Amino acid sequence: MVPPLALDIDGTLTTPDGRVDPRVFELLPDWEAPVALATGKAFPYPVALAGFLGRDATVIAENGGVVHVGDETTILGDSAAACAVIETFLERGGDLGWGGDETVNRWRETEVAVSVDADEALLREVAAAAGGVEVVDTGYAFHVKSPDVNKGDGLVRVADALGVDPSAFVAIGDSENDVSTFEVAGDSYAVANADEAATAAADVVLEAGYMDGTAAVLEALRAGQDP
Ligand SMILES: O=C(O)COP(=O)(O)O
Ligand SMILES: [Mg+2]
């Protein structure tokens, strides 16, 4: 029997150049246990991925700000403090770095994502002065979010709704926004490209990066082996 999964998306189910690795579509559609997609991306992205996998949308989005399980969506984060920080950041000459009519934040409900090419020092200075927010660096974006939500708490909520012990989950991820998931899941794996925080928090650091690492874990679990 395979375990339930908590899977990060960027850096974990993707290739180094940011594509969804095709093995995602071989390994996950028929996974015979819940698969929670736990991501910093805005809510529609993991919902779409789950849909294209032919699976129920079991989703922790926006770093835990939005959780969807069964037929219920719960908004846990509050974007007010993050939006105030972004307003000041922009007033002080900062730029989100996504270009014109960007789609990174268009459907984001509880936090604001800023490009890794943006002025990090200014963003952190404004965030620290305002308080009530944290800046999380996923390697793909800086997320200005409420410190009161995270993927791990989202996973507890998902597990409760599914009637599964959170420690039954196997988690795989690559960055500091996965640390809370690793703390909740029974077994945690950091892919080889993981940042320092994820590497330190994981039970196991994989030899292979991106989906090469993730696929190795999933294939072993499917074969009933210890990854
Ligand atoms: O949205 C990001 O910055 C990273 O997304 P991830 O949590 O799926 O890696
Ligand atoms: Mg990631």
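**Note on the annotated sites and the ligand shell**

1. D10 is found in the loop that runs between β1 (5-7) and α1 (24-27); helices (H or I, at least four residues) and strands (E, at least two) are DSSP runs, numbered from the N terminus. The model is predicted, so local features need pLDDT of at least 70 and side-chain atom pairs count only at pLDDT 80 or more, while totals for chains, interfaces and linings use all residues. Residues are numbered from 1 along each chain as its sequence is written, and chains are lettered from A and ligands numbered from 1 in the order in which they are written.

2. Is D10 buried or exposed? D10 is buried, since 21 other C-beta atoms lie within 10 Å; the term buried requires 20 or more other C-beta atoms within 10 Å of the residue's own, with exposed meaning 12 or fewer, partly exposed the range in between, and C-beta atoms placed from the backbone. Apart from residues up to four places away in sequence, D10 touches T138 and Y140, where contact means C-beta atoms, placed from the backbone, within 7 Å.

3. An unreviewed UniProt entry carries the annotation "binding site" at D8, D10, D174 and D178. These positions are spread over 171 residues of sequence, yet they cluster in space, with a largest C-alpha distance of 10.9 Å. UniProt positions follow the numbering used here, feature names are shortened, and annotations may be inferred rather than shown by experiment.

4. D178 sits in the loop between β9 (170-173) and α6 (179-184). D178 is buried because 36 other C-beta atoms lie within 10 Å. Residues up to four places away in sequence aside, D178 touches D8, K151, G173 and A198; D8 is itself among the annotated positions.

5. K151 also bears the UniProt feature "binding site", again from an unreviewed entry. K151 belongs to helix α5 (residues 151-162) and counts as buried, because it has 30 C-beta neighbours inside 10 Å. Beyond its neighbours within four places in sequence, K151 is in contact with A38, I60, N63, G64, N177, D178, S180 and T181.

6. Which residues surround ligand 1? The shell consists of D8, I9, D10, G11, T39, G40, K41, T138, Y140, A141, S175 and N177, a residue being near a molecule if its C-beta atom, placed from the backbone, lies within 6 Å of it. By class, the shell has 3 nonpolar, 6 polar and 3 charged residues; Ala, Val, Leu, Ile, Met, Phe, Trp, Tyr, Cys and Pro count as nonpolar, Asp, Glu, Lys and Arg as charged, and the others, Gly among them, as polar.

7. Two domains are assigned, domain 1 (5-76 + 149-222) and domain 2 (80-145), with bounds from an automatic or database assignment. Their C-alpha centres are 24 Å apart. The contact between them takes 16 residues from domain 1 and 13 residues from domain 2, and the domain 1 side has 6 nonpolar, 6 polar and 4 charged residues. Ligand 1 lies between the domains, because both give residues to its shell.

8. Overall, the chain has 8 helices and 11 strands. Its radius of gyration is 17 Å, which agrees with the value near 17 Å for a compact globule of 227 residues; this radius is taken over C-alpha atoms, and the globule rule is 2.2 Å times the number of residues to the power 0.38. Along the principal axes, the C-alpha atoms fill a box of roughly 55 × 35 × 30 Å. Of the 227 residues, 48% count as buried.

How values were computed
Contact = placed C-beta atoms within 7 Å.
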